[in-house]
Amino acid sequence: MKNTRLFPLLLCLIGAGLRIGLYWVNPPYNGFDDHFEPILLALQHGSWPVRDACWECFQPPVFYKLAYWYAKLLMELGVRGVDLPGYLQALPCAYGVLTLPAVWLVLRRLPLAAFVRLSAFAIICFLPQHIYISAFFSNDSLSYLLTCVCCWLLLEVVLRKAHWLWCLGYGLCTTAAIFSKYPPAVLIPTAACALLLLCWQKRISTQRLVLGLGLCALVPLLFLGPYMYGNYQRYGHPLPLNTRLMDIHLTQRPGAGHVDFFNFKPWTYMGRPLITDRNIDSFWTQVYGAFWFEVEPRILYLTQGSPEIWQEYTAFLNNNRKDFPLPLPLDKPLALLGSALILLGLVPLLMLLLGLGRLRLPRAPADPDTDLSPFYAAMAVLLFSNTAGIIYHAAANPFYSSMKASFFLISLTPGAVFMARGAELLQKSCWLKRAYVLVIGLLSLLVTFHILRVVVLSLMYY
């Protein structure tokens, strides 16, 4: 029993170590966008920049305000302005590390077998996409952390029959999550689903339902409404995007009419684990591959290939080059490693789908005090709402940059929950259980080797 209790801590420590290691070698400005600019503009001018002052100035303020206050503290302690980005980059890494125990808080409260709980947690700890994102300076990792905390609070809301204090905590945390990045707005219908089901099962009164909905949903809306109205008055849109504000028209691949939402071809990554001409038009293929390998490289730039090859590759993605550049800008061992991760990742995906297939809506729960069907249904609402929003965004903006696995990471907790629920089906077969544990163990080892390889090579080259 003591060893079982140590496993989560060990997994969490290793996962944290991988995120910190990658943060340590990744240059501060190496990422997808410049999220330092709003903070540096505020420090330079002494006032917060307007939404169209820079590329990332349209974002909601929580992440940037926290970083701004941290930067002010660092400057008071004598850190020079030129050194600030390196210190600020530690914040997203810290948020990424804290996300791991936030997911565990949910898993440990669910009635799961030890191997099921630990295998789901291991997938989260060693998920490459989350490790990569934790090394970049952006508001993504804070939104993941706050959403995971909201999922834990919602579980407590269900177990404590919508006690007002937990509902208030959920409402405030949801507000912070939405104002870190807009996609966590799906937490509002998520809470509504759980509370409505609790009332439907007659586990809470109508009065408590109304109070719970007010605290869980109305509190965020009270903040979000005036914010959106102010945006509409000034910029003509309640939640203006940078492309609209700055009148920028993207020309990236695959382009309008070329995004396929109805196929899935992970075999196109075998031997070439990158976004290529074979998969750039497939929404689900792009998203799935990016969960398990850096198929749209940023960190791999540091250790693989020549700058000229990567420039040609970027030109291909941005539709400035007709054909895919060869030779492949990855060495053969890394290409094989990426292919293996993407292949093995199909097993957790299968568990996720099996877990979703187990969703039920019982009319009369066997044990009204411990029945978790409202929570499971709410997690499904979060996952499906998140997915629907990303599909809508990709349909409206049919470019490879709109089809990112990172957009799905606010659903880390639902993913862990349903992977665990799917793995429960393996308990009756000793061989299936052992095979599943073997696959998760192999995935964890390969991811660890991959990240350590990047860290070591980066330290050697730079």
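Me: Why is the crossing where H13 passes H15 called right-handed?
Reply: A crossing gets that name if the near helix is turned clockwise from the far one by less than a right angle, and left-handed if anticlockwise, and H13 passes H15 the right-handed way. Bear in mind that this is a predicted model, with local features needing pLDDT of at least 70 and side-chain atom pairs 80 or more, while totals for chains, interfaces and linings use all residues. Residues are numbered from 1 along each chain as its sequence is written, and side-chain values use heavy atoms, leaving out hydrogens and water.

Me: What angle do H13 and H15 make?
Reply: About 110°, with the axes of H13 (residues 283-292) and H15 (residues 332-344) 8 Å apart. So H13 is roughly perpendicular to H15, a label that covers 65 to 115 degrees.

Me: Which residues make the contact?
Reply: Tyr288, Gly289 and Trp292 of H13 meet Leu341, Ile342 and Leu343 of H15; contact means heavy atoms within 4.5 Å.

Me: How do you know whether Asn279 is buried or exposed?
Reply: Its relative accessible area is 0%, so Asn279 is buried, the cut-offs being under 20% for buried, over 50% for exposed and partly exposed in between, with a 1.4 Å probe on protein chains only. Asn279 sits in the loop between H12 (242-245) and H13.

Me: And what does the side chain of Asn279 reach at 2.9 Å?
Reply: The backbone nitrogen of Thr276. The Asn279 side chain also reaches the backbone oxygen of Leu274, at 3.4 Å.

Technical notes: Axes are lines fitted to C-alpha atoms, for helices over the stretch in contact, and angles run from 0 to 180 degrees between N-to-C directions. Helices (H or I, at least four residues) and strands (E, at least two) are DSSP runs, numbered from the N terminus. Angles under 35 degrees count as roughly parallel, over 145 as roughly antiparallel, 65 to 115 as roughly perpendicular and the rest as oblique. A polar contact is a pair of N or O atoms within 3.5 Å; within protein, one must be able to donate a hydrogen and the other to accept it, and residues adjacent in sequence count only if both atoms are side-chain atoms.
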